[in-house]
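Open the model in your viewer and keep the selection panel at hand. The tour goes from one selection to the next and says what is there.

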Amino acid sequence: MNLTAQEIIFSQNKVAYKRDEQSYKKLFLHFHPLLYRFSYNICKDKSMSEDVVSDVFMKLWLMEARLASVQDLRLFLMASIKNATLTSISANKHNYSVDMDEKYDSLLSDNAPNPEQQCIFSEAVKRVNLIVASLPTKCQMVFRLIKEERMTYKEVSNIMNISQNTIETHMRIALKKIRSELRSV
Amino acid sequence: MNNQSEIYFLDLLSLKLSGDANEDQLNELDVLMNENPSFILLHDQMTASSFSEEEASSYADQAYASHYVKMQLKGYFDEKGPKDLQPNFLKPIFAKKKLLLTGMGAMVFVLFFIFYSHIIDTDILKENATYTNEIATKKGSKSFIKLPDGSKVWLNTASKLSYMNFTVGKTREVRLEGEAFFDVAHDSSRPFIIHTGKINIRVLGTTFNVKNYPEDSELETSLIKGRIEVSLNSRPEDIIILNPRGKLIISKKDDKITQTTQDGISENNVVLTSITYFKKDSLVAETSWLSDKLVFVDQPLEKIAHDLERKYVINITFKNPLVKKYRYTGVFDDVSLEKVFELIKYSKNINYKINDREIIIE
């Protein structure tokens, strides 16, 4: 579901003041892909990401009228997801029973639970995905937000608390690596 | 020189991707690519879309279904405010000749016959009619479809849904084998009817789960929101009404269903109870399959084995009939089969061997 900025604000207000479930659902469906991907890229855990997104949306509902005073809902949600995912990771450190090798395999194999990898991909794209997955954490995050979610430098800067120069540097590193991978056949 | 122009190109490309590039910069980028055709490959790869919008959106639909269930149970969508899910000692309501039993709280009501004067439209009993459209899932996979009337159906593994032409007729009818979660679009002029095994479910715009696998000895239906009416093929006049959080279990064989209640242990063919809700984890056992979780509360290993067979595409054989009756409670996220058995063994010891897709429990 794709909503315009105005539709988002409209739905936001309906949820805040009218407790309208239909509008709440619209917001959920609109933001879910972005938020789920973002959470997943931080924790690499499908189940955790689902729970995090659900919890954040539950809190959104419970904000009641205060929701109407959120200026940029997308930014607000991204920040919430980032915090909630990191909290969830540290809270679950001792419960983290999945084998790390299993995790890495799932990123590479065709049977990944990640919705991103359920598409039919060309060889080049598969190789690119491998390179991206091997990028250092922050670099990978910046790259995905810009390239996959088409966020502006300003938005990324706000979400990740880094300067636009840093963003530029990360993008250079990522694109350079990808470029050299694509050129080596 | 080469390195510098590459960096310049990369910076411009980044700006384009983020939507920050102005017209001049976009033009510059095109000029650079014309001068340096080797830049084109990277540009095209990066500007192509990464993933299917459709996949992401159907995944979001699925996620909302689970989220919705959680919100419903916490009572957040009710105008009256959150409900308390502690056991509720309500007695059945009797009204003259009518016996109306509703499922509420954690109390178990046992019933053999429900009498309710209601005129059933004979169009409903289309048992042998041909269902022109069909969707089926194999063991180990789930599916999601949107019916022509906008109703959403999530099919669990090894299940089949058939439906008739929805544009004609006074009713919307489907047939189900296996397990599915329904979010039925509201249309009061055309009731939605599900035929499964020996029961029919008449729906009035709701969300609920139906579980009826041929290999299972019981048939279950759990209601999350709205209202459904269940009738047995053999006695169409008798209707069981489910209210939210109600769950109906019907025995398909001669074995009776054992239920532990406040009054002791009872055994019957038809049991009306409530869904299994874990307050701490905000989890509903009956619909947890939607998010690839496996949840069971005080269930015999025999029954758990069926769910495992369907989810992991395996075959389980019991050497010792007593072990079949061992009871377990568990919540499994999407973990490996080995992990599942380790955890079962940890809870109450069993000896087992895993041989590729064959599991033998001693």
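**Stop 1: chain A**

Select chain A and follow it along the sequence: the pattern reads α-α-α-α-α-α-α-α-α. Chain A has nine helices and zero strands; helices (H or I, at least four residues) and strands (E, at least two) are DSSP runs, numbered from the N terminus. This is a predicted model, in which local features need pLDDT of at least 70 and side-chain atom pairs count only at pLDDT 80 or more, while totals for chains, interfaces and linings use all residues. Residues are numbered from 1 along each chain as its sequence is written, and chains are lettered from A and ligands numbered from 1 in the order in which they are written.

Now look at contacts (C-beta atoms, placed from the backbone, within 7 Å). Among those in chain A between residues at least 6 apart in sequence, 65% join residues at least 24 apart.

**Stop 2: where the chains touch**

Select both chains. The contact takes 37 residues from chain A and 32 residues from chain B. On the side of chain B that touches chain A, helix 1 (2–18), helix 3 (38–47) and helix 4 (53–73) of chain B are the elements that give two or more residues. Which of the elements gives the largest share? Helix 4 of chain B does, with 11 residues. By type, this side of chain B has 16 nonpolar, nine polar and seven charged residues (nonpolar: Ala, Val, Leu, Ile, Met, Phe, Trp, Tyr, Cys and Pro; charged: Asp, Glu, Lys and Arg; polar: the others, Gly among them). For the complex, the predictor gives an ipTM of 0.81 and a pTM of 0.55.

**Stop 3: a sheet in chain B**

Strand 22 and strand 25 (residues 358–361) of chain B pair in the parallel sense over four bridges. Pick Asn315(B): opposite stands Glu358(B) in strand 25 of chain B.

**Stop 4: confidence in chain B**

The mean for chain B is 77, and 80% of its residues reach 70 or more. Over residues 80–127 of chain B the pLDDT is below 50. Where pLDDT is low, the predicted coordinates should not be read in detail.

Technical notes. Two strands pair if DSSP finds at least two bridges between them. pLDDT is the predictor's confidence in each residue, from 0 to 100. Two residues are in contact if their C-beta atoms, placed from the backbone, lie within 7 Å.
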